[in-house]
Amino acid sequence: MKLPLPPRVAYPLAFLSGLLYWLAFPGIDVWPLSFVALVPLFVALAGQTPKRGFWIGWTAGFGMTITGFYWLSYTLQVFSGFPLPLCWLFQGILCGYQAGRIGLFGWLATRGDQRGWGRGLTLTLAFAASELVFPLLFPWFYGATVHQVPALIQVAELGGPIAVSLVLLAFNYALAELVLARLAKRSPNKRVLAVAVVPVLAVIYGFIRIGMVDARAAIADKVEVGLVQANMSLMGKRKNKREGLDRHLRLTQELKDKGPLDLVVWSETSVMSAVLEDEANHALRQQFTRTLGVPALFGSVLARPVTDAREFALFNSALLTDRKGNVVGRFDKQYLLAFGEYLPFGETFPKLYEWSPHTGHFQPGTSFTPLSLGDRQIAVVVCYEDVLPGFVNREMREGEPELIANLTYDAWFGDSTEPWIHLALAKFRAVEQRQFFVRSTNSGVSAFIDPVGRVISHTKTFEEESQRATLRWLKGKTLYTYLGDGPWWLATLVSFGFAFRRRPTKANSSPPKNAE
């Protein structure tokens, strides 16, 4: 078959890539497919125009998102209160938008290739650029497909999840080149095929680093940590706020009965009764913290009087108390969830909140400072902030955190694959920062994760449960902590540069011999 492939072949291949992507992704977890899922897309893009390259990429993205994010219609209905058919429409629109990420990849890859910069280089740079710059409501990375394979994800300490994505891309690219050589009836480029060894090199690096990190953790100071998953229903936690608190107190006591604890972690908004921020320490001590008997990190709702129509600004906060029950630290969630905690343009057009009665009226925080428990520091992130590598990086650079803690509430997504996707994406923060990581969620999945991304233990979804684990305080920063996504921003600039500047050739890059 001649290249480029005609649309009747290219678009089905792209959609097939989207389905394979979904099957490899967390929630379905057929991770070996990550080594072949991009092959049909790469073959479909070969030789295409940039316009068609965008739509071929978009087709793959839509195939992945409409299947992988099937739970969005339920979530939108719960958040907004809109009828289900309207939520299906919104789901299609949202998935169509998020598919634009792979559409951008297709456009950049074909545009750069068309301008003579080489297929392999433009594919690599375009993939990094698309994973970095395309804004998503629900972020994800291709590298998450191998979250269950610790040896493959250790390169995240060098370049975050995008580094893992590119390791997988290398093998997919080599296979695609084999297919393209067969279609074009030519011999495959042996230098191109050599990139297939990249995952092997990553695995060797991973095994070496796992041993080194494990040895370092073995001699670090221990910290006994408990987590509580109260499993209050979505509306039940709002209607019966005392029941939610009682469950947390009872489960915490069960943890204490099994031995001393240095810290217990509750979920996001585990204490639902809003209190004025200036009175939080006194009010919470009177309510429960003075009798808790263990340092605690828990979610609370704080209120601040304001002079506008809202009367009060609300904050989705994580509060840290010491063993005596005094509030010694506060972190306010910054990345609020649109349609759940706030409505875009809701402050400008208050009528929108009347149409979406279940949406909150929260205001984002601004501080990245880790919370201090004695002479130890804890990097705290709330809800889906734990899937944002740049956000966690920023907090890690603000101080010297020795533990990462996440407080989450995923009940909005029902008993779907979303909580498992969330856990899989979050695991990368432990590897990137070489820290132990504790996650407490109201309805699961709660977990303890070690610094190489292994899950020490986890809960089931929608079950009341508590767990404890011996973790370690670990200081230090990684290359990714310092550099962050800087190299990927450079790759993005180069990718867009390739898209708009033709590669010079020998014929036009040097002056004619008779020029003076």
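Leaving aside neighbours within four places in sequence, which residues is F105 in contact with? The structure is a predicted model, in which local features need pLDDT of at least 70 and side-chain atom pairs count only at pLDDT 80 or more, while totals for chains, interfaces and linings use all residues. Residues are numbered from 1 along each chain as its sequence is written, and side-chain values use heavy atoms, with hydrogens and water left out.

With those sequence neighbours set aside, F105 is in contact with L41, F42, L45, L123, A126, F127 and S130, contact meaning heavy atoms within 4.5 Å. F105 also belongs to the largest nonpolar core, a group of 122 residues in which L41, F42, F105, L297 and L471 touch the most other members. Helix α9 (residues 156-184) supplies the largest share of this core, with 11 residues. A separate core holds 20 residues, including L245, V264, W266 and A296. Here a nonpolar core is a set of buried Ala, Val, Leu, Ile, Met, Phe, Trp, Tyr and Cys residues joined through side-chain atoms within 4.5 Å. Buried stands for under 20% relative accessible area, exposed for over 50%, and partly exposed for values in between (1.4 Å probe, protein chains only). As general background, nonpolar side chains in soluble globular proteins tend to be buried together.

Helix α9 also contains L166; helices (H or I, at least four residues) and strands (E, at least two) are DSSP runs numbered from the N terminus. L166 counts as buried because its relative accessibility is 14%. Beyond residues up to four places away in sequence, L166 touches T124, F127, A128 and W488. Its C-alpha atom is separated by 15 Å from that of G206, a residue 40 places away along the chain.

Turning to helix α11, R209 is found there and is buried, since its relative accessible area is 18%. The side chains of R209 and E157 are joined by a polar contact of 2.6 Å. Such a contact is a pair of N or O atoms within 3.5 Å; within protein, one must be able to donate a hydrogen and the other to accept it, and residues adjacent in sequence count only if both atoms are side-chain atoms. Neighbours within four places in sequence aside, R209 is in contact with E157 and R434.

S446 sits in the loop between β10 (437-441) and β11 (447-449), and counts as buried because its relative accessibility is 0%. A polar contact of 2.9 Å links the S446 side chain to that of Q229. Once neighbours within four places in sequence are left out, the residues in contact with S446 are L227, Q229, R439, S440, T441, S457, H458 and T459.

Charged pairs come next. Side chains of opposite charge can pair when their charged atoms come close. With a salt bridge taken as a side-chain nitrogen of Lys or Arg within 4 Å of a carboxyl oxygen of Asp or Glu, the count comes to 22 salt bridges. In one of them, D246 pairs with R242, the closest N and O atoms being 2.8 Å apart. Both residues lie in helix α13 (residues 241-257), four residues apart, or about one turn of the helix. D246 is partly exposed, with a relative accessible area of 32%, and R242 is partly exposed at 42%.

R247 and E243 form another salt bridge (2.8 Å, N to O), again four residues apart within helix α13. R247 counts as buried at 18% relative accessibility, whereas E243 is partly exposed at 28%. R250 and E464 also meet in a salt bridge (2.5 Å, N to O). R250 lies in helix α13 and E464 in the loop between β12 (455-458) and β13 (465-472), so this pair ties together parts that are 214 residues apart in sequence. R250 is partly exposed at 37% relative accessibility, and E464 is partly exposed with a relative accessible area of 34%. A network of salt bridges links E243, R247, R250, E254 and E464.
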